[in-house]
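Hello,

Here is the structure we talked about. Please open it and read the notes below alongside.

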Amino acid sequence: MILKTTINNVAKHVNETVTIGVWLHNKRSSGKIAFLQLRDGTGFIQGVVAKSDVPEDVFNLAKQLTQESSFYVTGKVVEDHRSPLGYELQVSDIDLIQLTEDYPITPKEHGTEFLMDHRHLWLRSKRQHAIMKVRNEIIRATYEFFNDNGFVKVDPPILTAASAEGTTELFHTKYFDEDAYLSQSGQLYLEAAAMALGRVFSFGPTFRAEKSKTRRHLIEFWMIEPEMAFMDHEDSLKLQEEYVTFVVQSVLERCKLELNTLERDVSKLEKVKAPFPRITYSEAIQFLKEKGFDDIDWGDDFGAPHETAIAEQYEKPVFITHFPVEIKAFYMKPDPDNPEVALCADLIAPEGYGEIIGGSERINDYELMKERYDEHDLHGPAYEWYLQLRKYGTIPHSGFGLGLERTVAWIAGVEHIRETIPFPRLLNRLYP
RNA sequence: UCCAGCGUAGCUCAGUGGUAGAGCAAUCGGCUGUUAACCGAUCGGUCGCAGGUUCGAAUCCUGCCGCUGGAGCCA
């Protein structure tokens with residue numbers, strides 16, 4: 001009886017004969033030997049078919065195999081230092097499932113539009129495979145970190161009646177006879193959940209109908225949003241840097257092969273350990289002015305070039321803290337020492353990958369929250385419930401949101417965010 | 001929404017007023033250690049669409065459509 005296994009497990013079967021269900025990734029052959037680049041979803045391995053070692057029909061079949069043909073391959077696992085995996089397969093038999101014809105994505109260069117039109121097939125490539133594995137490890141490490149730190153995962157709704165921050169960038173839909181919007185953040189619901197469960201986090205999709213067309217923007221992206229009862233801004237920053245450190249170190253440990261495939265400079269990731277540097281918004285403005293930026297003043301929000309200039313000063317992610325209250329969300333708590341600024345922070349990733357976290361301590365005073373409601377004209381049942389959280393046992397609490405895809409882009413060293421999610425939703429792209 | 005660039009073979013591109021090209025892919029053949037293998041041959045076209053200028057337009061002009069990058073906005 002021949003053992004059925006997968007490529008990621010071949011190390012356990014050296015010098016044994018195994019069978020693996022595979023696709024042909026690429027092939028090189030000569031008159032009497034063929035090299036098959038095989039993939040099975042768990043990894044990639046080279047199969048060697050020598051004319052002298054197999055029946056003639058097996059060798060002929062091997063020569064006929066086309067890119068992305070599917071089959072069961074049987075062979076002996078042998079160690080080979082020339083392989084990146086350290087092993088290869090000496091093929092003895094091939095049981096064909098389908099001979100593929102005219103696979104569109106060839107081993108040569110392709111343009112962005114062509115690859116995006118074939119995203120359902122592009123995912124099979126080595127690079128996309130590696131990015132998806134890194135993404136998965138970030139998600140896995142996230143669950144581990146928050147579970148180990150006493151957090152409960154709660155799932156906020158995706159269909160909502162109103163938003164936390166204006167309505168211009170929301171996707172509108174009908175909810176029977178009412179108007180509804182796709183969620184742009186679960187935060188308000190998470191605050192309610194934190195009052196019930198203490199420490200909570202969510203992980204889910206977020207929708208922004210912004211006409212953004214840059215390498216850092218998706219219309220639909222995934223966010224990790226923790227919310228912590230009885231934690232102030234300072235406690236929250238500590239948790240954020242511990243969390244990001246944990247995620248980066250987990251990827252370094254468990255995705256060595258993938259980071260190698262992606263040609264990621266891991267020495268830069270190895271430096272990512274808490275504590276992270278912090279500067280205030282006011283210090284950042286002063287720094288930018290000294291650097292020669294004359295297009296920004298105190299009270300303006302940063303643009304992408306500003307963020308990059310600040311991040312370039314550091315080898316680790318950097319917190320920018322204490323933004324002006326006016327340019328931040330209505331629920332952020334003003335600094336008691338300087339009420340013009342909020343107890344909030346953005347975390348900017350190194351190497352120009354931009355903002356990956358936005359967070360703050362929340363207003364917990366009922367009267368102040370009511371003032372904010374009046375200022376922002378927040379009325380009706382869609383908002384009233386949130387105000388009640390300040391009426392029935394209000395407490396200091398803080399939270400933040402991490403954009404998964406920007407984090408994947410940074411850790412994997414991927415230039416464009418479209419490669420960090422299996423099926424990106426972009427301006428002008430709803431397919432495949 | 002604005003700014004810039006680009007649309008030529010299945011793919012990536014060259015061709016800037018005078019016979020439509022190359023590499024890769026595909027097909028056939030050769031090659032026993034290849035790493036985007038290599039060598040030879042064959043096949044492959046509505047030059048984004050519409051109009052205009054010209055003896056003649058892939059090439060120049062106008063409009064439209066599409067794509068890419070960036071800005072604003074944001075994670």
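How much area is buried between domain 1 and domain 2? About 610 Å², and carbon and sulfur atoms give 60% of it. Buried area is the accessible area (1.4 Å probe) that two parts lose on being put together, summed over both. His 25, Arg 39 and Phe 44 supply 52% of what domain 1 buries against domain 2, more than any other three residues.

Some ground rules. This is a predicted model: local features need pLDDT of at least 70, side-chain atom pairs count only at pLDDT 80 or more, and totals for chains, interfaces and linings use all residues. Residues are numbered from 1 along each chain as its sequence is written, chains are lettered from A and ligands numbered from 1 in the order written, and side-chain values use heavy atoms, without hydrogens and water.

Now the domains. Chain A has domain 1 (3–98) and domain 2 (119–420), with bounds from an automatic or database domain assignment. Between them there is one salt bridge, meaning a side-chain nitrogen of Lys or Arg within 4 Å of a carboxyl oxygen of Asp or Glu.

Next, the RNA. 44 residues surround RNA strand B, each with a heavy atom within 4 Å of the strand. The closest are Asn 26, Arg 28, Pro 107, Lys 108 and Arg 406. A backbone N or O atom of Gly 111 lies 2.7 Å from a phosphate oxygen of RNA strand B.

Best wishes

Terms used:
Polar contact = N/O pair within 3.5 Å; in protein donor to acceptor, adjacent residues only side chain to side chain.
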